[in-house]
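Subject: Structure handover

Hello,

Here is the structure you were waiting for, with notes on what was found in it. Please read the notes with the model open.

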Amino acid sequence: MLVAKLDRLSLNVHFISGLMVERVPFVVAELGDDVDPFVLHLDAALAEKERALTSARTKAALAAKKAAGAKLGNPRAAEAAVKARAANRARADGFAGDVLPAVEKMRAAGIATIRGIADALNKCSISTAKRRAWRLTTVRWLLQRG
């Protein structure tokens, strides 16, 4: 295995030493092919420590930004998620509005249980919004929307 720098192979000393114990051949271009194992351990330990320091600095900077009132994350992604949820909710409400009159007719005919409604919807070839057969949970969902 050939890597440019040891930290590109792993930032974990234990992983690097495990490779060395298992005699997995790897060459670190930055250090050369005849580097002493002690130097590999030192370089791996330094990479691991740098990773920990970078993580701590990043977390501290994000906490400071948040404390200063900044909104973290991608605002466009959050807006898109809100719009997608609203669109899904509108589609689900529209579908429920289309199916609930049939359910009310079934209830008027004496079908009162959720299982009975599911069976009746399936017998009438009325599929769910995802074009599947009705189950207890999908009928429950439908009745909660109504």
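Predicted model: local features only at pLDDT ≥ 70, side-chain atom pairs only at ≥ 80, totals over all residues.

Helix α4 has 34 residues and spans 49 Å from its first C-alpha to its last, close to the 50 Å expected at 1.5 Å a residue (the expected span is 1.5 Å times one less than the number of residues). Helices here are DSSP runs of H or I with at least four residues, strands are runs of E with at least two, and both are numbered from the N terminus.

Residues are numbered from 1 along each chain as its sequence is written, and side-chain values use heavy atoms, with hydrogens and water left out.

Helix α4 and its partners

Helix α4 covers residues 75-108. A kink of about 35 degrees lies at V99 in this helix, shortly before the proline P101 (the bend at a residue is the angle between axes fitted to the seven residues ending there and the seven starting there). V99 is also one of the buried residues of α4, along with A92, F95, A96, L100, V103 and M106. Buried means under 20% relative accessible area, exposed means over 50%, and partly exposed is in between, with a 1.4 Å probe and protein chains only. The buried residues of α4 pack against α5 (114-123) and α6.

Helix α6 runs over residues 136-145, and α4 packs on it at an angle of about 100 degrees with the axes 8 Å apart. Axes are lines fitted to C-alpha atoms, for helices over the stretch in contact, and angles run from 0 to 180 degrees between N-to-C directions. The two helices, α4 and α6, are therefore roughly perpendicular to each other. For reference, angles under 35 degrees count as roughly parallel, over 145 as roughly antiparallel, 65 to 115 as roughly perpendicular and the rest as oblique. On the α4 side the contact is made by R89, A92, D93, F95, A96, V99, L100, V103 and R107, and on the α6 side by W141, L142, L143 and R145. Contact means heavy atoms within 4.5 Å. By class, this contact of α4 with α6 has nine nonpolar, no polar and four charged residues. Ala, Val, Leu, Ile, Met, Phe, Trp, Tyr, Cys and Pro count as nonpolar, Asp, Glu, Lys and Arg as charged, and the others, Gly among them, as polar.

Helices α5 and α6

The packing of α5 on α6 has an angle of about 100 degrees, with axes 9 Å apart. That makes α5 roughly perpendicular to α6. In α5, I114, R115, I117, A118 and L121 meet L136, V139, R140 and L143 of α6. The contact of α5 with α6 has seven nonpolar, no polar and two charged residues. G116, I117, A118, A120 and L121 are buried in α5, and what covers the buried residues of α5 includes α4 and α6.

Q144 lies in α6 and counts as exposed, at 66% relative accessibility. Its C-alpha is 68 Å from that of D33, and Q144 and D33 are 111 residues apart in sequence.

Helix α2

I16 lies in helix α2 (residues 13-21). With 1% relative accessibility, I16 counts as buried. Not counting residues up to four places away in sequence, I16 touches L6, L9, S10, F26 and A44.

V13 is in contact with H41, A44, A45 and E48, leaving aside neighbours within four places in sequence. From V13 to A96 the C-alpha distance is 57 Å, at 83 residues apart in sequence.

Positive phi values

Most residues other than glycine have a negative phi. R23, which is not a glycine, has a positive phi of about 60 degrees. R23 lies in the loop between α2 and β2 (27-28) and counts as exposed at 73% relative accessibility. R131 has a positive phi near 60 degrees, lies in the loop between α5 and α6, and counts as exposed at 69%. S125, which follows α5, has a positive phi near 60 degrees.

Regards
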